Amino acid sequence: MADKYNVEEAEALAKRALHLPITQATPIYEQLLSLYPTSARYWKQYVEAQMAVNNDDATKQIFSRCLLTCLQVPLWQCYIRFIRKVYDKKGAEGQEETKKAFDFMLNYIGTDVASGPIWTEYIAFLKSLPALNPYEDSQRKIDLRKVYQRAILTPTHHVEQLWKEYENFENSVNRQLAKGLVNEYQPKFNSARAVYRERKKCIEDVDWNMLAVPPTGSSKEETQWVAWKKFLSYEKSNPQRIDTALSTKRIIYAYEQCLMYLYHYPDVWYDYAEWHTKSGSTDAAIKVFQRALKAIPDSEMLKYAYAELEESRGAIQSAKKLYENILGVSTNSLAHIQFLRFLLRAEGFEAARKYFLDAIKSPSCTYHVYIAFATMAFCLAKNPKIAHNIFEEGLKRYMSEPVYILEYADFLTRLNDDRNIRALFERALSTLPTEESAEVWERFIQFEQKYGDLASMLKVEQRRKEALSGKAEEGSSALENSLQDVVSRYCYMDLWPCTSKDLDHLARQELLSKNMNKKVEKTNLPHGPAAIGSVASSSKVVYPDTSQMVVYDPTKKSDFASSGNLVAASASNTFPSNATSIATHGSASTFDEIPKTTPPALLTFLANLPIVDGPIPNVDVVLSICLQSDLPTGQTVKQNFAAKGNVPSQNDPSGSTRSGSQRLSRDRRATKRKDSDRQEEDDTVTVQSQPLPTDVFRLRQMRKARGISTSSQTPTGSTSYGSAFSGELSGSTG
């Protein structure tokens, strides 16, 4: 469909046809107009090409094909130009034909908001007619007055200009008569002018060059649909308060113009036909439906609407042909069901029963047809026995369809046949797969809650839990009774044995219970690679292998070099394979090779990490390190490591390897410290430098882990901890 209605391709073909001889361009125009039969622009281009070579017969034929369906002013102006070209040289006879052509044209498009130039041209034509005697002159003036008075009542772009011309015309004929006529038509003109302004607002979003294509849901198409709907609603409101005949004419014109652009929109066609029906023009509505089906032959919606109209006016055979046409195109279950309903209404139950027996032999027949006809037999034919037989016959084919079983159960409920209802549920649940039986179980429980005794109700509930929860050891919690079961038993329609707050509380408890069970299941999962693989394959979640977890001991991590094995082992998934293989040997010579293959930023970050208690560092501490670290380039780190031969120790309290940019700004140090001999000039403090949180207890713990006496570092109990959180103390450790 998208390739067939390719707008860009169509525009390219139309431009190409402009430069081709008419014999070569004609097939192109015919191809375009077969796809876009309402494009006035293409019709105009086609007919102008024929007029250019003086092919009058072809021109007349083209106009006969497009004029009445393409109500657009430029195309009709082309038509009147052709008429005047043909008849201008034929004297009085030609003038009369031209006048008839003008009347014909204004009768169709005279209400168009852009029809002002046509009114003006017609008036100019009438003024140009010769008057050989006073009678002809008087007749011409009468004709001019009639045209003027029609024109000034039409809300067009030129309405004000036409009003001024009309005033001048009446004053030139008779000033005394002019005053009365002008006063009479002044209010009507004011109304037309006001309506024109509103009309202009309604159509300002309309794209008059849009090609009619099937709806694709684009924003542009939706904008056009809304614009046309607004314009149609405005015209239906009869804002000018004109007579019914003229208002109807304007509404028809608006619909016809709309369909030039929304030609493939079934809702527009239906609205048009429905408007005709409500207006009492059933024949016009039928013609609209016929045109609609020609435009959209595959629309079942329009076919059903058309058949409905025919049936409502008593044309049963016409309606039947439409239903048969639908069955000939689409032999689905819906078509069978709708035809059965029609036959039951129009010809009786026996005709419908006969067709049903043929329909169920069709491979396209589904359980819907059985349900539909059984319901018709029970409710409309008042024959429960036939309905029961139909359901039983269908059950042989559709025992695995839960919807069919539930519909059958509803039917038996209407018959008050509780014994067969229970038998139906038991038969169905014995054959349905577990994953498809939940709804049937639910309906079974509802039946027992409404019509069964307490023992049978509790028994069915327990059976349902066992059936849907699987093995008892795997879903023991699902087998337990809950307060929600009680609520389910003792509610009725929208009446509940508790408040809405209680319902919400119970729902939350059920959710928490499910989540709790899931967490318990996770903790019971086996560890190791095999367990991870099984979990990943089932739930798409991979859990860490906690079987290899060891207790973190900060006293064993004296410096970065002595823990090389631990770093290499924990970073086996981060470092390159060659660095990992080197580090696992643990020798001092091979350990020096790690910085060559490790990202400098990671080394600097690890070197700045403090020693803390436990495997999980304080988040604030890590963030402070990240914010205050002036991460060097790769070359700088390699040079530092080459010069020192090892990784800087985390226990180095002097802070000799730290950048001066990590220190706090002068103003903040002044408020934090009172000791002036520790103040240093630093004009290159980074934007990331921020004051760290004061936590004396954590500071002492860090110092204790390093083996540093707290009394030697803080002789005065002041908060002189400098960059302690980044592994640097403010004082000397001598």
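Colleague: In which helix is F378 found?

Modeller: This is a predicted model, in which local features need pLDDT of at least 70, side-chain atom pairs count only at pLDDT 80 or more, and totals for chains, interfaces and linings use all residues. Residues are numbered from 1 along each chain as its sequence is written, and side-chain values use heavy atoms, with hydrogens and water left out. Helices (H or I, at least four residues) and strands (E, at least two) are DSSP runs, numbered from the N terminus. On that basis, F378 is found in helix α19.

Colleague: How far apart in space are F378 and F411, C-alpha to C-alpha?

Modeller: Setting aside neighbours within four places in sequence, F378 is in contact (heavy atoms within 4.5 Å) with N383, P384, A387, F411, R414 and L415. F378 and F411 are 33 residues apart in sequence, and their C-alpha to C-alpha separation is 8.8 Å.

Colleague: How many helices does the secondary structure of the protein hold?

Modeller: Of the contacts between residues at least 6 apart in sequence, 53% join residues at least 24 apart. The protein has 0 strands, and its helices come to 38.

Colleague: What share of the residues of the protein count as buried?

Modeller: Buried means under 20% relative accessible area, exposed over 50%, and partly exposed in between, with a 1.4 Å probe and protein chains only. The protein exposes about 41,200 Å², of which carbon and sulfur atoms supply 53%. Of the 734 residues, the buried share is 39%.

Colleague: Is Q224 buried or exposed?

Modeller: Q224 lies in helix α11, which covers residues 219-236. Not counting residues up to four places away in sequence, Q224 touches D205, V206, D207 and M210. Because its relative accessibility is 4%, Q224 counts as buried.

Colleague: Why does K382 count as exposed?

Modeller: K382 lies in the loop between α19 (367-379) and α20 (384-395). Most residues other than glycine have a negative phi. K382 has a positive phi of about 55° although it is not a glycine. K382 is exposed because its relative accessible area is 62%.

Colleague: What is the phi of N238?

Modeller: N238 lies in the loop between α11 and α12 (244-261). At 17% relative accessibility, N238 counts as buried. N238 is not a glycine, yet it has a positive phi of about 50°.

Colleague: How many salt bridges does the count come to?

Modeller: A salt bridge is a side-chain nitrogen of Lys or Arg within 4 Å of a carboxyl oxygen of Asp or Glu. One of them joins D207 and K220, whose closest N and O atoms are 3.4 Å apart. D207 lies in the loop between α10 (175-202) and α11, and K220 in helix α11, so this pair ties together parts that are 13 residues apart in sequence. By this rule the salt bridges number 28.

Colleague: Which helix holds R443, the partner of D410?

Modeller: The side chains of D410 and R443 meet in a salt bridge at 2.9 Å, N to O. The pair ties together parts that are 33 residues apart in sequence, because D410 lies in helix α21 (residues 402-414) and R443 in helix α23.

Colleague: Which helix holds R464, the partner of E442?

Modeller: E442 forms a salt bridge with R464, with the closest N and O atoms 3.5 Å apart. The pair ties together parts that are 22 residues apart in sequence, because E442 lies in helix α23 and R464 in helix α24.

Colleague: How far from C498 is the nearest cysteine sulfur?

Modeller: The structure holds 0 disulfides (pairs of cysteine sulfur atoms within 2.5 Å). C498 is in no disulfide, and the nearest cysteine sulfur, that of C491, lies at a distance of 8.8 Å.

Terms used: Accessible areas come from the Shrake-Rupley method with a 1.4 Å probe; for residues, only the protein chains shown count as cover.
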